[in-house]
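Subject: The structure we talked about

Hi there,

Here is the structure I promised to pass on.

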Amino acid sequence: MTRLLLLLMALVMAAPLPAQDLLPPAPYAYKQLDDPAQEAKARALMETLRCLKCQSQAISDSDAPMAGDMRHQVRSRIAAGEEPEEIRQWLVERYGDYVSYTPQLRAMTWPLFAAPLVFLGVAALLLRRRFRKTRGAVK
Amino acid sequence: MSQEIKSKRSGLWLWLPLALFAGFFVLVMTGLLSPADRNVASTMIGKPLPQFDLRPAVPDRPGIATAQLADGKPRLLNVFASWCIPCIAEAPQLEAWARQGVPIDGIAIRDRTEDVQRFLSANGNPYKRIGADDLSAVQLSIGSSGVPETFVIDGKGIIRHQHIGDIRAEDIPKLIEKLREAGQ
């Protein structure tokens with residue numbers, strides 16, 4: 001009985017091992033830039049960058065420390081005058097296209113951009129044929 | 001006659017939806033049964049290490065600057081953290097490497113000095129240098145997306161290989177191979 005009690009007490013009092021760091025978040029993880037125009041730029045970019053820890057979230061949505069550090073990276077680079085697309089490129093060079101939610105034009109992805117045009121073309125052709133037919137029928 | 005051909009053709013069309021369904025079914029099942037690899041590989045392999053200079057994470061080991069990592073000898077660059085559980089699992093492997101004379105440098109991600117010290121005294125210290133990466137800046141700049149990760153760096157400071165996750169016994173042959181290649 002006492003052994004069981006001791007075991008229970010040990011369970012209750014066990015200190016969980018922290019699975020996350022104890023450092024405070026990066027300075028710009030949760031702090032906006034002072035210049036609203038710059039903050040808007042940073043915000044727009046952060047919404048299209050993938051959190052690498054929590055892969056279906058953007059870094060703007062995630063509370064993972066790494067996402068915070070990525071936001072810090074984005075905001076401090078914007079504050080230093082870098083363009084959002086340069087920062088995206090910097091990350092893509094390191095992690096590949098996967099880090100960007102905005103598709104990039106590549107040998108692999110051009111059908112993605114061409115498909116709407118092809119569909120529009122096909123639709124125009126079909127419509128033309130149909131209109132011609134009806135006109136012929138009215139005559 | 002033409003009626004017959006027509007019905008034959010429409011008979012084939014009749015099977016099309018089922019064929020499409022079967023195609024989708026196979027696609028979905030393969031996705032379900034063998035989920036895609038969720039690791040994000042660094043695209044920095046073959047490129048030189050970016051410039052950085054990290055303060056020492058613990059008092060008894062120096063920090064790391066890029067220039068020191070291009071001293072002509074291949075090495076392992078281990079990205080770890082005291083708060084990372086799999087890092088404990090790979091510690092014995094790193095110890096064994098260090099005993100065999102492979103230089104290992106560490107980058108401690110988002111860590112406090114006292115936590116790194118506690119981690120090292122509990123799990124051993126195979127590192128020649130340990131840099132503290134408080135904002136994950138170096139981690140981001142080498143395309144690492146988690147802890148632990150181990151990079152093979154050649155003598156010129158070029159990243160040759162990335163191992164994602166803890167190093168297990170079965171990963172050793174590949175790492176030896178990569179280290180040997182980096183040493184040539």
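In what order do the elements of chain A run from the N terminus on? They run α-α-α-α-α, and the secondary structure of chain A comes to 5 helices and 0 strands. Here helices (H or I, at least four residues) and strands (E, at least two) are DSSP runs, numbered from the N terminus.

Before the details, some housekeeping. This is a predicted model, in which local features need pLDDT of at least 70 and side-chain atom pairs count only at pLDDT 80 or more, while totals for chains, interfaces and linings use all residues. Residues are numbered from 1 along each chain as its sequence is written, and chains are lettered from A and ligands numbered from 1 in the order in which they are written.

Chain A first. Its domain assignment, which is automatic or from a database, gives domain 1 (25-103) and domain 2 (105-139). The centres of these two domains, taken over C-alpha atoms, are 39 Å apart. Of the 139 residues of chain A, 21% count as buried; buried is 20 or more other C-beta atoms within 10 Å of a residue's own, with C-beta atoms placed from the backbone.

Two helices of chain A are worth a look together. Helix α2 (residues 36-46) and helix α4 (residues 84-95) pack at an angle of about 35°, with axes 10 Å apart; the axes are lines fitted to C-alpha atoms over the stretch in contact, and angles run from 0 to 180 degrees between N-to-C directions. Lys41(A), Ala44(A) and Leu45(A) in α2(A) meet Pro84(A), Ile87(A) and Arg88(A) in α4(A), where contact means C-beta atoms, placed from the backbone, within 7 Å.

Now the two chains together. 22 residues of chain A are in contact with 21 residues of chain B. On the chain A side, α3(A) gives the most, with 6 residues.

Finally, the largest nonpolar core has 35 residues, and Phe80(B), Ala81(B) and Val147(B) are among those that touch the most other members. Such a core is a set of buried Ala, Val, Leu, Ile, Met, Phe, Trp, Tyr and Cys residues joined through C-beta atoms within 7 Å. Apart from it lies another core, of 18 residues, including Ala42(A), Leu52(A) and Leu140(B). Ala81(B) also touches Asp21(A), as well as Cys87(B) and Asp111(B) among others, not counting residues up to four places away in sequence.

Happy browsing!

Terms used
Contact = placed C-beta atoms within 7 Å. Buried ≥ 20, exposed ≤ 12 C-beta atoms within 10 Å, placed from the backbone.
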